[in-house]
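Please look over the sequence and the structure shown below before reading on. The report that follows goes through the parts of the model one by one.

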Amino acid sequence: MKAVPTESELDWVLVLAPFRKDADYVAAFLREQKIEVKAAKADGDLVEHLALSPGIIVITHEALNPQVVARIATHLAEQPDWSEVPIIVLLERTAPIARIRGQLLNSWPGSRLLFYTRPITPLELVNGIQSNLLVRLRQRQVRDSIDREQELRLELNHRVKNILASVTSIFQMTRRGATSVEGLASDFAGRLQALSNVHSAVFEAGGEEVSLSAVVDLTVSPYNSDGASRIDVLGPNLVVSRVAGTTIALCLHELITNAIKYGALSHPDGHVDFLWSVGTDDSPELSLNWIEVGGPAVREPTRHGYGTRYVRSALGSLFGTVPEIVFAPDGFRFSVKGSLARLARQ
C-alpha cells in the first residue's frame, strides 16, 4: 500500500483572479480542504508570490493579460529541468479555448496546462487541484532521486579513487620488502584480502562506522578455520571510523603474517591473544594488545621488516602515540593506546 502524502509534503496553490471575489471564493473552499493557498490580485502580489515558487497556478480568464502572461513565462523559464508547473486556467464558456490554448502553449512551454470552463463546481476544481498536487509531489520525488543519484555517483568516484590509492600504496610498500616474485605475490594478495575484509564489514554496517569486533573477526577467521583457535580475541563491542577499521585490519594482518613466519603461529603449540579494552575516564582510551605465547624463543632482529615498520607507523599515526614493541624471549608483544574519540574521527 502506498503511503498517503501529508499536508506538509504537498505544494501550495497560487490563485490569480483580479475581478469580483473569485480569488477569495476559490481560496476559501481550497482552505476548507486543507490546501495551502495564496491569492494575488495585483502585479505586485504576483511578483512576490511567484518568487515563493507555487506548486500550482490557478488563473482566471480575466487575468490573462500580456503583463501577467509575460511574468509567468519568465517564472517558468527559470524552473529547473525536473519542474513542470501545472497551470489551471478557468475560462468563460464562450471563450475560444483552442486559440487560447495555442497562445498559452507557445508562451508557457514549461507548464502543464489544464482548462476548465465556468461555472465549475468546487468539488471538480478541488479534485483537479489535488490530483495535480500529487503530480507536483512526484516531480519533487524525481528531483530528489536525481540529486541522490548524483551524490552517490560522486561518492562512488571518491571511494574508488581512495581504494585505488590504497592498493597502489600497499603494492609499493610490499614491493620494497619483497625478496622474490612469489613472496611479492603472496604478501600482496594477503594484504588485499585484509583490505577487502574491512570494506565488506563497512558495507554490511551500512555507513562510515564499523564494528571493531567485525573487523577483527573477518581478519582473524581464516587462521582459525581448522577448528583450533590459534588466535584468541577478546574486547568490548564498539564502533570506529572506516579509516580506523581499515588501518587496524591491515596492521592485524601484518602481525598475523609475522607470527606465521617467525613467531608463535610458526609452532604447532603456539597461539596469540589479541585483546582490546576501553578505559573509564572522562576521555576514555582504547588499548590494543597483541601477545604471542608458545612459539620459538624470540630474539630482537637486527633489522626490522616491512610488517613491523608499517604497524608501528600506521598505528602510531592512528592513535597519536608511539606503540610499544617488545621482543621478549617467551613471546613477541605489541601494544598501543590512544583516545577513543580519535578513532571515531572521519
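## The sheet and its strands

β11 and strand β12 (residues 331-339) pair in the antiparallel sense over five bridges, where two strands are said to pair if DSSP finds at least two bridges between them. Within this pair, V326 has R333 of β12 as its bridge partner. The names of these elements come from DSSP runs, numbered from the N terminus, with helices (H or I) of at least four residues and strands (E) of at least two. This is a predicted model, in which local features need pLDDT of at least 70 and side-chain atom pairs count only at pLDDT 80 or more, while totals for chains, interfaces and linings use all residues. Residues are numbered from 1 along each chain as its sequence is written, and side-chain values use heavy atoms, with hydrogens and water left out.

Both strands belong to an open sheet of five strands with mixed pairing, in the order β7-β9-β10-β12-β11. Because β7 (231-234) and β11 (324-328) stand at the edges with a single partner strand each, one side of each is left without a neighbour in the sheet. On average, and with direction ignored, neighbouring strands of this sheet are turned by 10° against each other; the axes behind such angles are lines fitted to C-alpha atoms, for helices over the stretch in contact, and angles run from 0 to 180 degrees between N-to-C directions.

β7 and β9 pair in the parallel sense over four bridges, and I231 has V272 of β9 as its bridge partner. β9 and β10, in contrast, run antiparallel and are joined by eight bridges, with V278 standing opposite L286 in β10. These two strands, β9 and β10, form a hairpin with six residues between them.

## The helix across the sheet

Helix α8 (residues 242-261) lies across β7, β9 (271-278), β10 (285-293) and β12, and runs at about 15° to β10; contact here means heavy atoms within 4.5 Å. α8 has 20 residues and reaches 29 Å from its first C-alpha to its last, close to the 28 Å expected at 1.5 Å a residue, where the expected span is 1.5 Å times one less than the number of residues. α8 is mostly covered, with 16 of its 20 residues buried; buried means under 20% relative accessible area, exposed over 50%, and partly exposed in between (1.4 Å probe, protein chains only).

In α3, the residues V68, V69, I72, H75 and L76 are buried. They cover an arc of only 125° around the axis, which puts them on the same side of α3; the arc is that of the directions from the helix axis to the C-beta atoms. The face of α3 turned away from this buried side carries the exposed residues P66 and A77.

At the N-terminal end, α3 is capped by N65, which has a side-chain oxygen 3.0 Å from the backbone nitrogen of Q67.

## Two single residues

H49 lies in helix α2 (residues 43-50) and counts as buried at 12% relative accessibility. Leaving aside residues up to four places away in sequence, H49 touches W12, L14, K38, A39, A40 and P54.

S131 is found in helix α5 (residues 122-177) and, at 37% relative accessibility, counts as partly exposed.

Methods: Polar contact = N/O pair within 3.5 Å; in protein donor to acceptor, adjacent residues only side chain to side chain.
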